[in-house]
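Reader: I would like to go through this structure term by term. For each label, please give the rule and the value behind it.

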Amino acid sequence: MKSSSVPTTSPAASPAASSPSPPSVTPPGRLRRLAPLLALLVAVVLPWSTLRLPGLFEGPLNSPGTLQLLAVCLVFAGLALGYDLLFGRAGLLSFGHALYVAAGAYGVDILVSHYGWRLWPTVAVTVLAAAVLAALLGAVALRTSGIAFSMVTLAFAQVGHIVINRDPGGLTGGEEGLPLSSAGLPAMFTGVVNTVNLYWLALAFLTVVVVTVHTIDRAPLGRTLTGLRDDERRIAVLGLSPYRLKLLAFVLAGTLAGLGGATYALVVGGASPHIASSELTLSLIVMAVLGGAGTRWGAVVGGFLYAYLDQRLARLGGSLPGPFGEPLFVLGTLFILAVYFAPGGLASLSSRLEPLRRALRPRPAPDAI
Amino acid sequence: MSTVVLLALTGLGLAALYFLIASGLSLVFGLAGVLNFAHGLFLSVGAYAAWTVSESWGAIPAILLGVAVAATTGALVELVLIRPLYTRHTEQVLVTVGLSLAGVALLQSVWGADARVFPRPAWASSVVNIAGAQVPADRFLLIGAAVLVLLGLLAFLRFTRYGLVIRAGVENRDMVSALGIDVRNAFTLVFAIGGALAGLAGILAGMYFSSISPGQGASLLIFAFIVVVIGGLGSVTGAFAAAVAVGLLQQFVNYYGTAGAGDVSVVALLAAVLLLRPAGLAGKAAPA
């Protein structure tokens, strides 16, 4: 019964993934620590490259189409990691995360397009509003636990989806969505030439999420959240309030989702009801689990790959036979296979393959001992 | 008065659909502990199977085929996908999530994303005059089917050996296994029953909305989840009472309030029930 809220990575799996071979610390260890910074550096300078990767992208790397695709992937990488703060760290299986993403996207879109607000105050107000919304709804939803919590969050998000679809007062544009009016935006974010700025914006969002979540991971709060996931009663016995901690995680994740929604609205130039739907939440779950829930980089990799495949498969759709033309068929099937055959996600693959690698490595000499 | 009668009967028709979906979900959750996101897929599979043959076979054989196909799908999903993940509840939920995404996409690739007109027999589209209200006859079909299913399920649970195993399993699964009864056969049976009822609901929903689409199951499923939680997980009678409450509330508030207010009020009802009675109307505590 207790295990029902524990996500896929068992507590034993995460340390195993981070230290597959204990003795080798110095050179690969330092490389490992520098790798994220290097990746960030490469991502920052990437728009100056005219490299062509046929098959992966349609134009050269610095073409607006490719940069936009990459920007969407980066946003989803950030959203997935933000969701993983709830799901992988705190063990809260929320089915309503899309609500806060939609709050961010529609908040920015409505205030800029209908009321002519300037961008930066709008983003600040919207993210704050998403945080308040998460605090209010989380306070109710967290009175329940387990499956009931999932259901309540799902129901709340569904109300958001319905309201957005009904187009109250002509605010949300209903099923058509609401294009972001470029009049209120700074010049650096408008026009096809400036797609590169949107790319950097998406990268900045991802960096903010990564720094936030990894700081929490390292802080005592992160360990308490993991403890909450593994055994809530133990945290309560230690004199901490599980309810307040869970609410804190819920609000933090909601805030990050609001920021991500705002970034998403800027990157794709508007908001559509799809981002409020339960399918978006389900795809965030898929991203986190595919990459490896609760690991440092799993959700980031999962989110990036999922968004990439989703967009590329939709583009290639017509040329693939039968159900393979449907991105969700491919991604859903991949997801099911991952749940069975790679329960820790992509992040666990290296440690999973370790015995195989060790078996294949030629032994230098028969053991002397 | 006639408006109230029409609204009440339409609301009860909707409630009947919710009950057909929710009773299967509730049994599956109560016994196997699986929150089944693929339940909407069973519904769509049944509806499309019936739609495919309804032109050539006629209504009744088409309904029977749809129900049989949906029941088979349910049993197969349990045997192939759910059973290997026994006791790992989160993974089971994740698999059904993946299945619902992939399955709906598969239906879309075969039948297209657009809604199809669902043919209904002539007697179902006739109109009955009750207290001055012109009520479409398919509402009575829905309500009748739901009441029959309720009585049938209760009789099955009460008077048969498998019903006893299922009731005992919902109460305490470990004890049933400890007594030497293979509870997993009951899992498959519950999935098959849930699939059959969902398939029936899909076909009746096709008649009610006079169209079917691959995503229809998913949108009905969310309200069925709400009904399950309000009714109390694992309880058939609780699901029935909750379905009636939700269907009527939604229909009346949608008519007298602004558009969409009915759906919002259903969620408000859910929040209220959870805060006042976290275990739902029937009162069986949800496992954490």
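Author: Then I begin with Thr188(B), which is in helix H8 (residues 183–209) of chain B; helices here are DSSP runs of H or I with at least four residues, and strands are runs of E with at least two, numbered from the N terminus. This is a predicted model, in which local features need pLDDT of at least 70 and side-chain atom pairs count only at pLDDT 80 or more, while totals for chains, interfaces and linings use all residues. Residues are numbered from 1 along each chain as its sequence is written, chains are lettered from A and ligands numbered from 1 in the order in which they are written, and side-chain values use heavy atoms, with hydrogens and water left out.

Reader: Why is Thr188(B) called buried?

Author: Buried means under 20% relative accessible area, exposed means over 50%, and partly exposed lies in between (1.4 Å probe, protein chains only). Thr188(B) has 14% relative accessibility, so it counts as buried. Not counting residues up to four places away in sequence, Thr188(B) touches Ala75(B), Glu78(B), Leu79(B) and Arg83(B), where contact means heavy atoms within 4.5 Å.

Reader: Why is Val44(A) called partly exposed?

Author: The relative accessibility of Val44(A) is 31%, so the label is partly exposed. Val44(A) is part of helix H2 (residues 26–45) of chain A. Beyond four places in sequence, Val44(A) touches Trp200(A) and Leu203(A). Val44(A) and Leu203(A) are 159 residues apart in sequence, with 7.8 Å from C-alpha to C-alpha.

Reader: Thr172(A) lies in a loop, between H6 and strand S1 (178–179) of chain A. What makes Thr172(A) buried?

Author: Its relative accessible area is 6%, and therefore Thr172(A) is buried. The Thr172(A) side chain reaches the backbone oxygen of Ile164(A) at 2.8 Å. For a polar contact, a pair of N or O atoms must be within 3.5 Å; within protein, one must be able to donate a hydrogen and the other to accept it, and residues adjacent in sequence count only if both atoms are side-chain atoms. The residues that Thr172(A) touches, beyond four places in sequence, include Tyr106(A), Ile110(A) and Gly177(A).

Reader: What makes the pair Asp263(B) and Arg166(A) a salt bridge?

Author: The rule asks for a side-chain nitrogen of Lys or Arg within 4 Å of a carboxyl oxygen of Asp or Glu. The side chains of Asp263(B) and Arg166(A) meet at 3.7 Å, N to O. Across the interface of chain A and chain B the rule finds 1 salt bridge. On the side of chain A that touches chain B, H6(A) gives the most, with 11 residues.

Reader: How much area is buried between chain A and chain B?

Author: About 3,700 Å², with carbon and sulfur atoms giving 79%. Buried area is the accessible area (1.4 Å probe) that two parts lose on being put together, summed over both. In contacts, 44 residues of chain A meet 42 residues of chain B.

Reader: Which residues have the most contacts inside the largest nonpolar core?

Author: They are Phe95(A) and Leu35(B), in a core of 199 residues. A nonpolar core is a set of buried Ala, Val, Leu, Ile, Met, Phe, Trp, Tyr and Cys residues joined through side-chain atoms within 4.5 Å. Helix H3 (residues 64–89) of chain A gives the most to this core, with 17 residues. Leaving aside neighbours within four places in sequence, the contacts of Phe95(A) include Leu154(A), Ile285(A), Leu35(B) and Val93(B).
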